[in-house]
Amino acid sequence: MDTLYDLIIVGLGSHGSNCFSHFSGKMRVLGIEQYVSPHTKGSHNGETRIVREMGYSGEYIDIARRSLELWSQLQDSTSEQVYVKSGGILFGHQTDNQFRDFTQSHNPNLQQLKHQEVESRFPIKTSQDQQFFFDKSAGFVKPELAIQIFINQGKAKGGELINNCRYINHIYKDDEIHVYTDLGVFRSKKLILSLGMGLKRLQNTYSSLDIGIYKQQVVFFKTDNKRFDDLPVFLSEDDSQELYGFPRVNGEVKIGLHHFGPSLEHPDLYDQTKNEEGSANIIRGFLMKYMPELKDATVSRVQTCVYTSTRDHNFTIDFDPRCKNTIILSACSGHGFKFCIVMGEIIEEMFNTGVQKYKTFQLSRFQKPKF
Ligand SMILES: Cc1cc2nc3c(=O)[nH]c(=O)nc-3n(C[C@H](O)[C@H](O)[C@H](O)COP(=O)(O)OP(=O)(O)OC[C@H]3O[C@@H](n4cnc5c(N)ncnc54)[C@H](O)[C@@H]3O)c2cc1C
């Protein structure tokens with residue numbers, strides 16, 4: 001209780017670990033994590049995450065571009081492979097809503113490909129009613145490695161970290177914030193709450209923090225087929241079913257279904273041992289149609305992870321309505337990892353200006369209109 005920190009960051013997962021790296025060295029920082037990150041009990045496990053600008057528009061586009069710049073810089077600064085610029089392909093039908101929204105964002109960096117070119121370059125079977133767009137700036141990052149790098153960077157710059165320590169709540173006392181945990185009380189001038197699905201526990205304190213938790217599974221297919229080494233990361237919509245996947249990494253092609261279910265009422269109900277029926281069958285159906293070279297591949301692993309999601313699928317990054325020294329950070333909804341590398345910059349600007357300039361991320365967007 002003696003030390004007064006400049007900043008406490010609670011939750012050292014995807015976004016908290018980047019903030020830990022970003023602010024350490026600039027001020028006295030304490031990170032508090034209930035487990036030891038990276039781990040498999042949150043939203044960041046699974047070995048790969050897509051990074052892209054394809055599909056983004058509005059307030060997302062600048063931060064998507066900035067995140068790609070920062071991933072490149074991180075890759076240049078390390079001998080380990082954390083970012084792979086594989087390119088990305090988006091395919092679907094103009095009758096599918098999400099695909100139409102994605103491709104009508106008029107991003108000049110998206111290049112439409114002819115069916116013949118798709119089939120000659122990639123192990124993808126096309127059908128004439130589909131459209132294909134290529135984003136050469138897209139690729140994937142390795143989430144566990146990225147988080148480990150951020151934590152190491154933060155520690156090297158003097159950041160302090162307490163693992164296996166669970167945040168309970170915080171109170172405001174004069175100009176200080178008192179953070180209560182199961183290992184005692186810590187004092188700070190500023191606070192970032194980047195709890196992932198743990199934010200659901202704060203629903204009573206922040207009534208407009210409307211967060212759902214959704215269990216997700218990704219399926220790994222074992223294959224010796226080297227054509228899948230050159231597969232770009234892909235997003236596909238077929239009959240309103242959205243799927244995404246990665247090139248072959250360590251002999252496996254990982255594919256996931258982007259959907260929002262089954263949902264959990266509380267983070268404590270998350271049970272990774274229970275498999276969600278159905279995902280693998282839907283993915284197999286997709287492979288038979290669009291990647292027939294993989295249709296008989298063996299499922300080598302299934303991994304479970306969670307999406308936290310707001311009602312409109314946009315992030316919530318905003319001040320505690322009671323105090324501008326606390327920021328709630330939830331960059332979620334199944335597409336947040338790519339942005340973790342830019343979170344430190346966004347939050348530093350918020351602390352400096354006292355303003356959340358991105359309207360898309362403001363908590364108040366969920367407030368009911370007053371009559
Ligand atoms: C299957 C799947 C695929 C995805 N694919 C992509 C993709 O391709 N591209 C992309 O950009 N995004 C993707 N995402 C989304 C992305 O992974 C998430 O948006 C991101 O990981 C969320 O980060 P977070 O920091 O909010 O949560 P986390 O990384 O889970 O971090 C939260 C941390 O807070 C800690 N914590 C919680 N409660 C407490 C407490 N009380 N006390 C102390 N610590 C606490 C947790 O232990 C955890 O370490 C995917 C997500 C899933 C599940």
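**Note on helix packing, ligand shell and domains**

1. Ser 14, Ser 17, Asn 18, Phe 20 and Ser 21 of H1 meet Pro 143, Ile 147, Phe 150, Ile 151, Gln 153 and Gly 154 of H5 (contact: C-beta atoms, placed from the backbone, within 7 Å). By class, this contact of H1 with H5 has 5 nonpolar, 6 polar and no charged residues (nonpolar: Ala, Val, Leu, Ile, Met, Phe, Trp, Tyr, Cys, Pro; charged: Asp, Glu, Lys, Arg; polar: the others, Gly among them).

2. The model is predicted: local features need pLDDT of at least 70 and side-chain atom pairs count only at pLDDT 80 or more, while totals for chains, interfaces and linings use all residues. Residue numbers run from 1 along each chain as its sequence is written.

3. H1 spans residues 14-23 and H5 residues 143-156 (DSSP runs numbered from the N terminus; helices are H or I, at least four residues, and strands are E, at least two). The angle between H1 and H5 is about 30°, and their axes are 7 Å apart (axes are lines fitted to C-alpha atoms, for helices over the stretch in contact; angles run from 0 to 180 degrees between N-to-C directions). This makes H1 roughly parallel to H5 (under 35 degrees; over 145 is roughly antiparallel, 65 to 115 roughly perpendicular, the rest oblique).

4. H1 also packs against H7, residues 340-353, at an angle of about 55° and with axes 8 Å apart. H1 and H7 are therefore oblique to each other. On the H1 side the contact is made by Ser 14, His 15, Asn 18, Cys 19, Ser 21, His 22 and Phe 23. The H7 side supplies Cys 340, Ile 341, Met 343, Gly 344, Glu 345, Ile 347 and Glu 348. The class count for the contact of H1 with H7 is 6 nonpolar, 6 polar and 2 charged residues.

5. The protein chain is divided into domain 1 (4-44 + 143-203 + 313-365) and domain 2 (88-138 + 212-310), with bounds from an automatic or database domain assignment. Their C-alpha centres lie 30 Å apart. Across the boundary, 16 residues of domain 1 are in contact with 11 residues of domain 2. The side of domain 1 that touches domain 2 has 3 nonpolar, 11 polar and 2 charged residues.

6. The ligand is surrounded by 38 residues, the closest being Gly 11, Gly 13, Gly 42, Gly 198 and Gly 336 (near: C-beta atom, placed from the backbone, within 6 Å). H1, strand S3 (49-51), strand S13 (211-222) and strand S18 (298-310) each supply at least two residues of this shell. The shell has 14 nonpolar, 20 polar and 4 charged residues. Domain 1 and domain 2 both give residues to the shell, so the ligand lies between them.

7. Two backbone features could be checked by eye. The peptide bond from Ser 37 to Pro 38 is cis, with omega near 0°; Pro 38 lies in the loop between strand S2 (29-32) and S3. His 313 has phi near 70°, a positive value in a residue other than glycine. His 313 lies in the loop between S18 and strand S19 (316-320).

Terms used: Contact = placed C-beta atoms within 7 Å.
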